[in-house]
Amino acid sequence: LDAFEAPCSLNCYATGPGTKVAAPPHADAQGVLVLQTCGSQRWRVWDGRPFYASELNTKLTAGKGAPLTLEEPFLDVILKEGDALYAPAGWP
């Protein structure tokens, strides 16, 4: 991403076999691109729309010490090797 002079970070996570939940539901301040490199993992994404600037901090800290109320997920999918998923910022 240096060509765009944009900040970039990369996080890698490994989940052990038989693990039901790798991380509790939460929202991130940045968009998240998931690349499933091996095995499979269930991903659930909830709709983060609409929210307003005054609610942004609350949305982005949801599940990280702030209350998180969830209904039916917007997306509930099993990613398999080679699959990808994108979740916009603020979507738990």
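Gln 41 lies in strand S2 (residues 40–45) of a predicted model, in which local features need pLDDT of at least 70 and side-chain atom pairs count only at pLDDT 80 or more, while totals for chains, interfaces and linings use all residues. Residues are numbered from 1 along each chain as its sequence is written, and side-chain values use heavy atoms, with hydrogens and water left out. Strands here are DSSP runs of E with at least two residues, and helices are runs of H or I with at least four, both numbered from the N terminus. Gln 41 has a relative accessible area of 16%, so this residue counts as buried (under 20%; exposed is over 50% and partly exposed in between, with a 1.4 Å probe and protein chains only). Leaving out residues up to four places away in sequence, Gln 41 touches Thr 15, Lys 20, Gln 36, Val 77, Ile 78 and Leu 79, where contact means heavy atoms within 4.5 Å.

Stepping back to the whole chain, one helix and four strands are found, and they follow the order β-β-α-β-β along the sequence. Of the contacts with a separation of 6 or more, 86% join residues 24 or more positions apart. Buried residues make up 17% of the 92 residues. The chain exposes about 7200 Å², with carbon and sulfur atoms supplying 56% of that area; accessible areas come from the Shrake-Rupley method with a 1.4 Å probe, and for residues only the protein chains shown count as cover.

Confidence deserves a look before the details. The mean pLDDT (the predictor's confidence in each residue, from 0 to 100) is 78 for the chain, and 76% of the residues score at least 70. Helix H1 (residues 56–60) has the lowest confidence, at a mean of 59, whereas strand S3 (residues 75–80) has the highest, at 94. Where pLDDT is low, the predicted coordinates should not be read in detail.

Strand S3 also holds Asp 76, whose side chain meets that of Arg 42 in a salt bridge (2.6 Å, N to O). Because Arg 42 lies in strand S2 and Asp 76 in strand S3, the pair ties together parts that are 34 residues apart in sequence. This is the one salt bridge in the structure, the term being used for a side-chain nitrogen of Lys or Arg within 4 Å of a carboxyl oxygen of Asp or Glu. Both partners count as partly exposed, Asp 76 at 42% relative accessibility and Arg 42 at 44%. Beyond its neighbours within four places in sequence, Asp 76 is in contact with Arg 42, Trp 43 and Arg 44. The C-alpha atoms of Asp 76 and Trp 43 are separated by 5.9 Å, although the two residues are 33 apart along the chain.

In soluble globular proteins, nonpolar side chains tend to be buried together. Among the residues that Leu 79 touches, not counting those up to four places away in sequence, are Val 34, Gln 41, Trp 43 and Leu 85.

On the outside, Ala 29 sits in the segment before S1 and is exposed, with a relative accessible area of 54%. Ala 29 and Gly 90 are 61 residues apart in sequence, yet their C-alpha atoms are 6.0 Å apart in space.
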